[in-house]
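Colleague: Could you take me through one part of this model in some detail? I would like a connected account that I can follow with the structure open beside me.

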Amino acid sequence: MAITLVIGAQWGDEGKGRIVDFLAAGADVVGRFGGGANAGHTVRVGDKTYKLRIVPSGVLAGALDCIIGPGTVVSLDQFVEELRSLGAAGIDVSRVWLSDLAHVLLPYHIEQDRAAERARGDAALGTTGNGIGPAYVDRVARRGMRAGDLRDRARVRAIVERRCAELAREGIGADAAAIVARIEEHGPMVVPHIRDTVALLHDALRAGKRVIAEGAQGALLDVTFGTYPYVTSSSTVAGGAGAGLGFGPTAVEHVIGVAKAYATRVGAGPFPSELLDDVGERMRERGAEYGTVTGRARRTGWIDTVALRYVAAVNGLTHLAITKLDVLDGFDQVCMCTGYDGAPDASLPFQMSAPVKPVLRRFAGWTQPTTGARAYGELPPQARAYLDALAADVGVPISYVSVGPERSQIIVREDAPAKALASRA
Ligand code: GDP
Ligand code: IMO
Ligand code: MG
């Protein structure tokens, strides 16, 4: 019972990276279980900002081993670039391990992703354009390449040539020789990081080490439970963690859902509590709500407890981490969407897709800045009233509250698992 899961509880960009960075100070192993370079996890340490796409955020806190798990799809170009830039910033990447079972995302996946978005026209999903969907399609269609295959040059060539020939018949040009040459060029940098991460993980668990599973995206972007088809192509919920790293449910101790004190979404799709007015604009500016990966402006709105109750159930959340509370400082009032008017009698993602009107519960705002608070009691009473109501409505305790992007700008409450994640030191 040694694994702590950190899951995005909204539509991604909740601040998972900074929460993992904080927890990783007391952990031995941090593993990413899904997605690829569609993720952008930002961590601020002092005046330095790190943006991680595929390498687990635990690498910054010096977690002993960082795993890019079997459930991920990894662009070698991106991986090599990230190792280089982290190395150049003085971060030790020698114990970043790429699972031999992870799938390799190839240049034609990116072409296919972008071509599919163009073909959708006005109905585009707003993907990050990183080839994620097509890479997962190839995995399921049993024609993908795994990182472990990179050790066998003939196998790499056979997979690429066969797939490029198929794509040519569909009118998509892909140069097999150039792709193989590029893979071989990356070999010396990538192959030393490839490892049986399942064995590594279970050796760590047997030795009583602390493990964090780092989610990417958010539960409402889950391919099954999210706002389909405006979702990503992987399982982003807690159940996806075991399937993406290779452990069973009995190994899980805590499931921490990370949510902003409000809500954002980047890309198309339903967002019942969206604000299209000055208040939403103010959230975007104060929260610097522009995507890490694509630079797109994020859509903003009030926190949605209908969605969070669903996410808490689907993930079995044991704790909430609420981030970016400081962004709401100075608002006259803050609201919480606690219901949908006019929602069809259907499961939640279907309800959200209908033209519903959010039912808002209103709270008094606070003028005093929260950025300096390091204990819950130091928050303005209005902010506490808002958070207390949020926890009661969702039915999950709020154990962490972040009040700024920097590592130290976090409030850890008495019941928080961080207290159990005893320091390695
Ligand atoms: P992730 O993908 O879930 O890791 O989240 P992102 O890194 O994409 O987006 C979160 C953004 O909010 C990043 O720019 C963080 O630096 C920033 N951030 C995280 N926590 C806080 C906070 O408590 N306050 C403020 N103002 N910014 C925060
Ligand atoms: P992190 O881990 C926010 C969104 C895209 C698009 C949809 C499908 O940083 O929270 P994809 O490229 O995955 O096929 O795009 O999912 N999306 C994210 N939104 N944060 C992310 O990751 C995201 N990863 C994918 O914007 O709507
Ligand atoms: Mg992000």
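Which residues come nearest to ligand 2, of those around it?

Modeller: Happy to. Please keep in mind that this is a predicted model. Around ligand 2 there are 20 residues, and the ones that come nearest are D13, K16, H41, T128 and T232. For three of these there is a side-chain distance to quote. The side chain of T232 has an N or O atom 2.6 Å from an oxygen atom of ligand 2. For K16, an N or O atom of the side chain is 2.7 Å from an oxygen atom of the ligand, and for T128 the side-chain distance to a ligand oxygen is 2.7 Å.

K16 also leads on to the other ligand. Ligand 1 has 18 residues around it, with K16, G40, T42, D326 and S402 coming nearest. Here the contacts I can quote are made by the backbone. A backbone N or O atom of G40 is 2.8 Å from an oxygen atom of ligand 1, and a polar backbone atom of G17 is 2.8 Å from a ligand oxygen. For E14, a backbone N or O atom lies 3.1 Å from an oxygen atom of ligand 1.

Now back to D13, one of the residues that come nearest to ligand 2. D13 sits in the loop between strand 1 (3-8) and helix 1. Its phi is positive, about 60°, although D13 is not a glycine. As background, most residues other than glycine have a negative phi. The side chain of D13 meets that of R298 in a salt bridge, with 3.0 Å from N to O. In general, side chains of opposite charge can pair when their charged atoms come close.

To place that pair, look at how the chain is divided: domain 1 (3-99 + 194-253), domain 2 (104-190) and domain 3 (262-416). The C-alpha centres of domain 1 and domain 3 are 23 Å apart, and their contact takes 34 residues from domain 1 and 33 residues from domain 3. Between them the two domains bury about 2800 Å², 60% of it on carbon and sulfur atoms. Across this interface there are 2 salt bridges and 13 residue pairs in polar contact. On the side of domain 1 that touches domain 3, the elements giving two or more residues are helix 1 (16-24) and strand 3 (41-45). Helix 1 provides the largest share, 5 residues. Sorted by class, that side of domain 1 has 18 nonpolar, 9 polar and 7 charged residues.

Y228 and P229 are joined by a cis peptide bond, with omega about 5°. P229 belongs to the loop between strand 10 (211-214) and helix 8 (238-245). For context, most peptide bonds are trans.

Finally, a word on salt bridges in the model as a whole, where the count comes to 22. One of them pairs E166 with R163, whose closest N and O atoms are 2.6 Å apart. These two residues are 3 apart in helix 5 (residues 153-169), so about one helical turn separates them.

How values were computed. Residues numbered from 1 in each chain as written. Chains lettered and ligands numbered in written order. Predicted model: local features only at pLDDT ≥ 70, side-chain atom pairs only at ≥ 80, totals over all residues. Heavy atoms only, no water. Domains from an automatic or database assignment. Contact = heavy atoms within 4.5 Å. Buried area = accessible area lost by both parts, 1.4 Å probe. Salt bridge = Lys/Arg side-chain N within 4 Å of Asp/Glu carboxyl O. Polar contact = N/O pair within 3.5 Å; in protein donor to acceptor, adjacent residues only side chain to side chain. Helix = DSSP H or I, 4+ residues; strand = E, 2+ residues; numbered from the N terminus. Nonpolar A, V, L, I, M, F, W, Y, C, P; charged D, E, K, R; others polar. Near = heavy atom within 4 Å.
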